[in-house]
Amino acid sequence: MIFLKIRLTEGPNESEIMKKLIVVITATITAFSWISLHAGPDSDQAAFEKYFTSKFPDTPVSDFINGVYSIDKPSREQWEEIEEFPPYELAIDSGKAAWNKPFANSKTYADCFENEGAVRGNYPYWDADRKEVVTLELAINECRVANGEEPLKYNKGKMADISAYMSYQSRGQKINVVIPDDPDAMAAYERGKEFYYSKRGQLNFSCFDCHGSGSGNLVRADKLSPALGHTSHFPVYRSKWGGMGTLHRRFGGCNKQVRAAAFKPQSQIYRELELFLTYMSNGLDFNGPGARK
Amino acid sequence: MFKKVKTTAVASLVATIMTLGLMSYANVGIVSNAIASDGFESSWAAADEQRKMAAKLGFEWRDTKKLLKKAKAANESGENEKAMKLVAKAHEQSNDAIAQQERESSAWQSRVPK
Amino acid sequence: MLRKTAVIAFLTPLLLLGSVSGSLAIADEAAITKGKKVAFDRKKGNCLACHMIDDGTLPGNQGPPLVAMKARFPDKEVLKAQIYNPLEKNPNSIMPPFGLHNILSDGEIDAITEYLLTL
């Protein structure tokens with residue numbers, strides 16, 4: 001500031017210097033905001049992972065994909081028994097049959113998805129042309145519609161079956177969500193993040209209240225699962241549902257439990273939430289479909 | 001024969017009284033409903049408007065729509081007081097949801113792990 | 001005779017006092033019973049979801065056990081305010097604002113407060 005004053009009083013052409021200064025200051029501000037924006041997702045992810053690894057030091061980071069069973073020994077044993085005859089097996093079979101059955105135009109899902117459907121690791125992603133998040137389930141329906149078939153309902157049923165089959169084919173692929181250098185993509189990520197941490201509904205809970213700061217605690221007899229790895233194992237067979245459900249079905253269920261109005265599955269905000277939450281688990285394995293209580 | 005006529009006469013008398021009674025009751029009902037329902041319609045619309053505002057912000061509560069539905073049903077079956085109470089409850093829920101959004105817009109950041 | 005009257009005169013206020021405090025105790029008892037019912041009801045307070053309370057089965061542990069409440073809340077109003085709106089004290093509190101969001105009525109919050117102070 002002092003320097004500025006001296007220059008201004010000493011300088012021969014004050015307005016020229018002023019102009020240069022404004023340019024410098026503007027450039028600095030732009031650079032800083034660019035850095036703070038782009039430092040976002042990466043450092044968010046590191047802090048998120050560290051939050052859970054320090055909260056549950058006995059759990060190896062790669063094990064968080066097993067949800068509550070990664071932090072609860074007694075229920076893990078039961079779950080491992082269940083996994084010997086997994087309740088989602090029927091869904092995989094039905095999904096496989098659907099995968100192989102040609103559409104009316106004689107094309108199949110294989111014309112939309114490469115690698116025998118083992119593409120779980122490519123979703124969700126930011127589509128720069130469409131300026132929106134594309135999820136696996138959205139892509140499945142777009143494949144159907146492009147081939148003249150009716151779109152499927154997103155929460156359960158056939159959609160969950162095909163998603164289960166493709167997830168099964170993709171087991172072991174790494175979660176590697178990319179948020180590109182694009183203000184629209186960043187804004188989508190930020191909206192998902194804000195949704196995650198905001199309290200909502202009459203009961204006033206955020207997602208993080210239960211699955212972050214509350215994770216590991218008991219609600220009645222149920223232990224709250226940690227958020228790290230949360231999207232890795234969907235779709236899931238849930239005993240409470242008595243059947244399969246997609247990730248967005250679970251989002252809706254959580255929202256209703258806190259007495260908030262649920263959003264539609266595959267609505268923009270749920271896809272952005274999926275983008276954020278999956279990004280938080282970058283580096284872990286996809287291991288769907290799963291079985292949960 | 002006579003007996004039958006008598007019965008019919010009595011029956012028609014009863015029917016007339018009942019009809020008159022019902023008519024006057026219905027009249028009162030219609031009048032009071034018209035007055036109340038005018039207040040109800042505008043209160044209901046205002047509450048629904050507020051619910052839409054909360055929804056637009058992404059903070060609508062689970063039961064607000066249900067309350068408004070119940071209010072409409074109560075109003076239609078003539079339970080005006082109950083209907084107005086439900087509308088007020090729904091309106092308050094949306095006010096609370098909008099206040100919640102405002103609170104959260106500057107509160108959520110502090111929960112992000114650093 | 002005079003003595004008898006004096007005794008009656010002396011006793012009457014005592015008896016009256018006794019019956020008044022008796023009905024007060026009954027009112028308290030009713031509030032406490034109601035409070036416990038509302039606290040344990042899953043669709044009302046559902047306090048057991050997060051707190052260990054009294055003889056409630058399968059309590060959660062999101063919040064602290066509700067014990068020694070009178071010592072922890074010597075001022076009844078402070079406890080009531082905490083149930084009404086815990087965000088007042090801590091905007092990140094995980095506890096639902098039972099009064100602010102009309103999850104419970106004022107009467108129900110009063111009753112729960114009476115009940116909790118017996119713990």
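This is a predicted model: local features need pLDDT of at least 70, side-chain atom pairs count only at pLDDT 80 or more; totals for chains, interfaces and linings use all residues.
1. The cavity search. Over the whole structure, the search returns one cavity of 30 Å³ or more. The largest cavity holds about 40 Å³ of space.

2. The cavity lining. Residues of chain A line the largest cavity: A:Arg120, A:Glu137, A:Ser163, A:Phe234, A:Pro235, A:Leu247 and A:Glu274. By class, this lining has three nonpolar residues, one polar residue and three charged residues. A:Ser163 is the polar one, because Ser falls among the residue types counted as polar.

3. Chain C with chain A, extent. The contact involves 22 residues of chain C and 15 residues of chain A. About 1500 Å² is buried between chain C and chain A, and 48% of that area is on carbon and sulfur atoms.

4. Chain C with chain A, make-up. On the side of chain C that touches chain A there are eleven nonpolar, nine polar and two charged residues. Zero salt bridges are found by the rule across this interface. Six residue pairs are in polar contact between chain C and chain A, counting pairs with both residues at pLDDT 80 or more.

5. Chain B with chain A, extent. Here 15 residues of chain B are in contact with 21 residues of chain A. The two chains bury about 1600 Å² between them, with carbon and sulfur atoms giving 58%. Which residues of chain B lose the most area to chain A? They are B:Arg62, B:Trp108 and B:Pro113, and together these account for 39% of what the chain B side buries.

6. Chain B with chain A, make-up. The side of chain B that touches chain A comprises seven charged, five nonpolar and three polar residues. Across the interface of chain B and chain A, the rule finds zero salt bridges. Polar contact is counted for eight residue pairs between chain B and chain A, both residues being at pLDDT 80 or more.

Methods:
Residues are numbered from 1 along each chain as its sequence is written. Chains are lettered from A and ligands numbered from 1 in the order in which they are written. Side-chain values use heavy atoms; hydrogens and water are left out. On a 1 Å grid over the protein atoms alone, a cavity is a set of points where a 1.4 Å probe fits but cannot get out, and a pocket is an open set with protein on both sides within 12 Å along at least five of seven lines; lining residues have an atom within 4 Å of a point. Grid points are joined across faces, edges and corners, and a volume is the space filled by probe spheres set on the points. Contact means heavy atoms within 4.5 Å. Buried area is the accessible area (1.4 Å probe) that two parts lose on being put together, summed over both. A salt bridge is a side-chain nitrogen of Lys or Arg within 4 Å of a carboxyl oxygen of Asp or Glu. A polar contact is a pair of N or O atoms within 3.5 Å; within protein, one must be able to donate a hydrogen and the other to accept it, and residues adjacent in sequence count only if both atoms are side-chain atoms.
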